[in-house]
Amino acid sequence: MKRIMLFLVTNLAVMLVLGVVLNILFSVLGINKSSISGLLVFCAVFGFGGSFISLLMSKWMAKRSYGVQVIEQPRNETEHWLVSTVARQAREAGIKMPEVGIYDSPEMNAFATGARRDDSLVAVSSGLLYSMSRDEAEAVLAHEVSHVANGDMVTLTLIQGVVNTFVMFFARIVAGVISNFFSSNNSEESSSSGGFAYMITVFVLEMLFGVLASMIVMWFSRQREFRADAGAAKLAGRDKMIAALQRLSRGAEPQMEGAMMAFGINGKRSMSELFMSHPPIEQRIAALRG
């Protein structure tokens with residue numbers, strides 16, 4: 001319930017902010033809202049704006065959604081080990097020390113988030129610390145640090161912004177063509193029903209184009225997982241990363257949702273690899289073995 005409320009409040013705030021930004025842009029640039037360029041600006045503001053605002057709020061949302069307890073002062077040997085391991089890996093990767101946190105979950109998972117390479121968060125589940133050996137957990141931490149060092153959060157946000165923009169834009173263009181083809185200007189009633197039909201068509205096309213666009217985003221997501229695995233192999237050792245992946249393959253399917261799932265160590269399975277944010281574990285192991 002807490003995550004649902006955070007999601008609704010955040011999206012309402014994003015819509016309000018982007019609506020204000022859009023009106024300012026139209027006024028300053030003198031763009032006609034009804035023109036093609038006006039439509040493109042509208043789609044770009046909401047397509048990129050939503051993605052970037054979500055990125056800027058990602059650390060705050062992650063901490064509250066998953067109850068992440070950031071380690072300010074290590075209280076035990078495990079926390080000391082976590083902080084020192086991430087600190088060493090961050091130095092080797094050439095990034096500023098991320099915040100390190102633990103969240104309560106029985107599943108073996110971890111994630112990295114943050115708007116910048118030098119302002120990030122690496123969080124691990126209690127289940128991962130309990131179920132994995134230190135070598136395996138070290139490799140998982142290295143994987144998440146590699147995500148940060150590679151700038152994957154920003155890259156995926158840019159890609160998502162681009163596809164969001166074009167999904168919204170082309171859905172409205174195609175819906176406009178269809179609406180004009182079937183519309184009749186003979187009566188007010190037909191005009192009213194035409195407007196409703198246009199909105200329904202936009203909705204259907206956004207769903208259809210969104211499915212196609214998600215394949216593109218997921219392809220990029222799988223490629224950055226291979227890069228993060230390779231980065232983890234350099235930071236922690238190839239054998240440790242392979243052992244961590246083998247351990248994950250024996251665990252339950254992760255329940256993490258949304259953006260956090262995309263930056264977790266392991267993603268959900270799907271009927272088709274085209275819709276998976278993470279490559280199958282056997283492919284990741286094969287890539288590490290070369």
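The sheet here is an open one of four strands, in the order 1-2-4-3 and with mixed pairing; strands are DSSP runs of E at least two residues long, helices are runs of H or I of at least four, and both are numbered from the N terminus. Strand 1 (69-70) and strand 3 sit at the edges with a single partner strand each, so one side of each has no neighbour in the sheet. The model is a predicted one, in which local features need pLDDT of at least 70 and side-chain atom pairs count only at pLDDT 80 or more, while totals for chains, interfaces and linings use all residues. Residues are numbered from 1 along each chain as its sequence is written, and side-chain values use heavy atoms, with hydrogens and water left out.

Strands of a sheet pair through backbone hydrogen bonds, either parallel or antiparallel. Two strands are taken as paired if DSSP finds at least two bridges between them. Strand 1 runs antiparallel to strand 2, joined to it by two bridges, and Val70 stands opposite Gly101 in strand 2. Strand 2 (residues 99-103) then pairs with strand 4 in the parallel sense, over five bridges; here Tyr103 has Ser125 of strand 4 as its bridge partner. On to strand 3 (residues 110-116), which is antiparallel to strand 4 and joined to it by five bridges. Ala110 stands opposite Val124 in strand 4, and a hairpin links strand 3 to strand 4 through two residues. As for strand 4 (residues 119-125), six of its seven residues are buried, so the rest of the structure largely encloses it. Buried means under 20% relative accessible area, with exposed over 50% and partly exposed in between (1.4 Å probe, protein chains only).

Turning to the helices, helix 6 (residues 134-149) packs on helix 9 at an angle of about 100°, with the axes 8 Å apart. That makes helix 6 roughly perpendicular to helix 9. Axes are lines fitted to C-alpha atoms, for helices over the stretch in contact, and angles run from 0 to 180 degrees between N-to-C directions; under 35 degrees counts as roughly parallel, over 145 as roughly antiparallel, 65 to 115 as roughly perpendicular and the rest as oblique. From helix 6, Asp135, Glu136, Glu138, Ala139, Val140 and His143 meet Lys240, Met241, Ala243, Ala244 and Arg247 of helix 9, where contact means heavy atoms within 4.5 Å.

Helix 9 (residues 238-249) also meets helix 11 (residues 281-289): their axes come within 10 Å and cross at roughly 170°. This makes helix 9 roughly antiparallel to helix 11. Helix 9 brings Arg238, Met241, Ile242, Leu245, Gln246, Leu248 and Ser249 to the contact, and helix 11 brings Ile281, Arg284, Ile285, Leu288 and Arg289.

Thr85, in helix 4 (residues 77-93), counts as buried at 4% relative accessibility. A polar atom of the Thr85 side chain lies 2.7 Å from the backbone oxygen of Trp81. Neighbours within four places in sequence aside, Thr85 is in contact with Glu138 and Leu141. Ala228, in helix 8 (residues 188-236), is buried with a relative accessible area of 0%. With neighbours within four places in sequence again left out, Ala228 touches His143, Ser146, His147 and Asn150. Ala228 and Asp152 are 76 residues apart in sequence, yet 9.1 Å apart in space from C-alpha to C-alpha.

Methods. A polar contact is a pair of N or O atoms within 3.5 Å; within protein, one must be able to donate a hydrogen and the other to accept it, and residues adjacent in sequence count only if both atoms are side-chain atoms.
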